[in-house]
Amino acid sequence: MKKLFCAALIILLVISVMGLLYAETSYDTHTTSGPMKKAERGAKNLLIGWTDIPLSISEVTMDTKNAVLGLTVGLWQGFKKAFPRTVSGVVDLATFAIPDYEKSPVSPDPL
């Protein structure tokens, strides 16, 4: 009885893993499109768009080796990147049901 139980458990485990592997290969997130993908892109741009500001400050500071220049120029450059990305996120979330799913309003779309 113990051998039968172990064999059944192994077969069940193999079937479960095969189902997970099939699901992973048949669903490619980079090629899917539609309203939910547009809503996802909008949510990402809205929630993560502000991170361009500290990233730009850090990049300018590292490139110029000047913290004051990094805080001023980097802040401005980060704002120029973050503002359109955040507005794009709001627009995508507000209009995710309207077709035009492939086009991202912000170029390049890093997410």
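User: How do you know at what angle the axes of helix 3 and helix 4 cross?

Analyst: This is a predicted model, in which local features need pLDDT of at least 70 and side-chain atom pairs count only at pLDDT 80 or more, while totals for chains, interfaces and linings use all residues. Residues are numbered from 1 along each chain as its sequence is written, and side-chain values use heavy atoms, with hydrogens and water left out. Helices are DSSP runs (H or I, at least four residues), numbered from the N terminus. Axes are lines fitted to C-alpha atoms over the stretch in contact, and angles run from 0 to 180 degrees between N-to-C directions. On that scale, helix 3 (residues 52-64) and helix 4 (residues 67-94) cross at roughly 145 degrees, and their axes come within 7 Å.

User: Which classes of residue make up the contact of helix 3 with helix 4?

Analyst: There are 10 nonpolar, 7 polar and 4 charged residues. Ala, Val, Leu, Ile, Met, Phe, Trp, Tyr, Cys and Pro count as nonpolar, Asp, Glu, Lys and Arg as charged, and the others, Gly among them, as polar.

User: Why is the aromatic pair of Phe 79 and Phe 83 called stacked?

Analyst: Rings of Phe, Tyr and Trp (its six-membered ring) pair if their centres lie within 6.5 Å; planes under 30 degrees apart count as stacked, over 60 as edge-to-face and the rest as tilted. Phe 79 and Phe 83 are 5.7 Å apart centre to centre with 25 degrees between the planes, so the pair is stacked. The two residues are 4 apart in helix 4, which means about one helical turn separates them. Ring pairs also link Trp 76 with Phe 79 and Phe 83 into a cluster.

User: What makes Lys 65 exposed or buried?

Analyst: Buried means under 20% relative accessible area, exposed over 50%, and partly exposed in between (1.4 Å probe, protein chains only). Lys 65 has 73%, so Lys 65 is exposed. Lys 65 sits in the loop between helix 3 and helix 4 and has a positive phi of about 60 degrees although it is not a glycine. Pro 54, at 41%, is partly exposed.

User: Where in the protein chain is confidence lowest?

Analyst: Helix 1 (residues 2-26) is lowest, with a mean of 70, on the pLDDT scale of the predictor's confidence in each residue, from 0 to 100. Over residues 23-27 the pLDDT is below 50. Where pLDDT is low, the predicted coordinates should not be read in detail.

Key:
Contact = heavy atoms within 4.5 Å.
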